[in-house]
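Hello,

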Amino acid sequence: MPKKTNKKPKPHTKRQRKLRVPKNWPLWLLLLALSAFFGGFIYIKSAPRYPLLPKPPSDAPYKQVSQPLSKRVDDLLSRMTLDEKIGQMALVDKGSLKKTVDISRYNLGGVLSGAGAKPANNTPEGWLKMVSEKKDQAKQSRLGIPLLYGIDANHGNGNVPGSTVFPHAIGLGAANDAQLTQQVATATAEEIKATGINWSFSPSLDAPNDIRWGRVYEAFSSDPNINASLGAAYVNGTQQTQVLATAKHFFGTGSMIWGKSNNKDFRIDQGVVAVDDAALQNKYLVPYTAAAKAEVATVMVGLTFWGDKRIIDDRSLLTDKLKNELGFKGFVVSDWYGTYEYSKTSNYQANIKTINAGLDMAMLPFDYKNFISDVHKAVERHEIPQSRIDDAVKRILTQKFKAGLFDESATATPPINTIGSQTHRQLARQTVAASAVLLKNQKDVLPLAKQGSRIFVAGSGADNVGRQCGAWTVEWQGIDGNWLPGSTSVLAGLRQVAPDNSIEYNKLANFNGKADVAIAVVSEKPYAEGWGDNANPHLEDADLKVIEKLKAVSNKVIVVIVSGRPLILSDKTLESDAIVAAWLPGSEGAGVADLLFGNKLFTAKLPVVWPTNINQDTALYERGYGLKTEPTS
Ligand code: BGC
């Protein structure tokens, strides 16, 4: 900062501007030479090493749609400098981009919005504008390679207020309907694409074994075959819309051991997978085989360890198994900060290890400048073979070409009102009804009569769309409350579906008089990742009280559980007349009402075991359990 003085500046006259040789010119000359030297040094260190290369001609083969894909890839690759290649291997969080121009300056391969990384104008239009600016910047680079923009749209494009929020994956696993899953994935991809985004970090192929894990709901099931069939359906549904899908988190995720997390804030997430070779082959690789067959564009490697080794460092898994044995042709991407997280080496060495193991694109997500210069140095020193870099970039470019990103004018962006459209909301409502599992239905209390009853509704989840949607909804950890635009709470759904009943609501179940039926919608607070690790997931005291109070004012009590995992149920809860596991149904609470009033029949089955107690040694309900309701005449 120049120092402020009280002196008035001299007027700029022509005379003053006339060039005069200063008296102490040797000193000035020395200063000039030194600043040129250091300035140049800083420039060379920080700028990519291709500033003066010419742009390729407009008829270069890679720019021509009519050319075969492999020829386009090879042509483009042959024109790239080493730094342009390494730039393609970098995936940066939008919040860590120092300047938008860095996208073209460093030829970055991808930008992501980590959960909650939203535009200042957090509307569908705001998202489209933010993403388009970044994609347009990429086109300004010498080679004009299109940018990937990635997002965790794991239950609809839930980051965007006003989008359709579908049930989280565990609900899809309960429905276990590949065709429906594919439709959900396509609708989600359309809402993603309407914001300009072209890469979804879904589906999860994790197989949860322990209800204490904070990511149970992100997975379809603990059954490898369900994960295989729904995973492939999800990939197809996403990629048919020309949005890249991601199978994650490779591999063994869900089998971790409680108390062995590497993260001091977590208990089981980001821990050590307990998988022997047989389980690797028969359980955890099964869905990845199906995903590779469905030509999934990317596979994300988790932040887990196998024994004492980070999976991201394991060449036998990333290259030998996934790429060579399973025939995965897409590119391998790391998880958030995955190259460096829990690495005992320097970042320089971690880059060498992971890229040599088979990592193609690093979700850095912060520092891209050092990544590029470190990897450049490692290639020059032959610590990473040039052929490995070429293979990684070839894989990335192939997926960009396959998704039509180079020819985007040929693929239309869906209109902005695709987001939260009635068609999608209708599909979501249908999915909710297909996903809720009926655990108990004493004396066929369900379905309820559509008219003429006095119904009391209570509980923490009855009028709380934030809880219905769970985490990964606008904010990483979700928002507890009834706030999401365009959505319908379970309560609103009940009123909508059965307007001829008298429905009274009080969250804490403070009612006067008697009801014919009472519905307790009990719930978990939203949580994501290791923040949801919980030593004993069970109902909140307030909800237990609600159930008790309802029993005092109604002969029939139905408990609807809104949760991301099976919860340990008390004996008193189990004495209720009906129990429904609604999982995290999302924005369309009317889907739950459709089931309770018999517009739809219960058909879903538990996709994971529902344990009796927290030792998880006995099953209250086995995987595959689920009662059906019959049509009423
Ligand atoms: C999660 C991934 C997610 C990534 C990007 C990580 O913390 O483990 O599932 O795709 O962040 O948001």
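**What is inside**

The largest nonpolar core holds 185 residues, and F371, L446, I519, L550 and L596 have the most contacts inside it. A nonpolar core here is a set of buried Ala, Val, Leu, Ile, Met, Phe, Trp, Tyr and Cys residues joined through side-chain atoms within 4.5 Å, where buried means under 20% relative accessible area (1.4 Å probe, protein chains only). A second, separate core of five residues includes V165, V465, C469 and L484.

This is a predicted model: local features need pLDDT of at least 70 and side-chain atom pairs pLDDT 80 or more, while totals for chains, interfaces and linings use all residues. Residues are numbered from 1 along each chain as its sequence is written, and side-chain values use heavy atoms, without hydrogens and water.

Now to the ligand. Around the ligand (a heavy atom within 4 Å) are L112, D152, F201, R215, K248, H249, M300, D335, W336, M363 and E529. Polar side-chain atoms lie at these distances from a ligand oxygen atom: 2.8 Å for R215, 2.7 Å for D335 and 2.9 Å for E529.

Best wishes

Note on methods:
Buried means under 20% relative accessible area, exposed over 50%, partly exposed in between (1.4 Å probe, protein chains only). A polar contact is a pair of N or O atoms within 3.5 Å; within protein, one must be able to donate a hydrogen and the other to accept it, and residues adjacent in sequence count only if both atoms are side-chain atoms.
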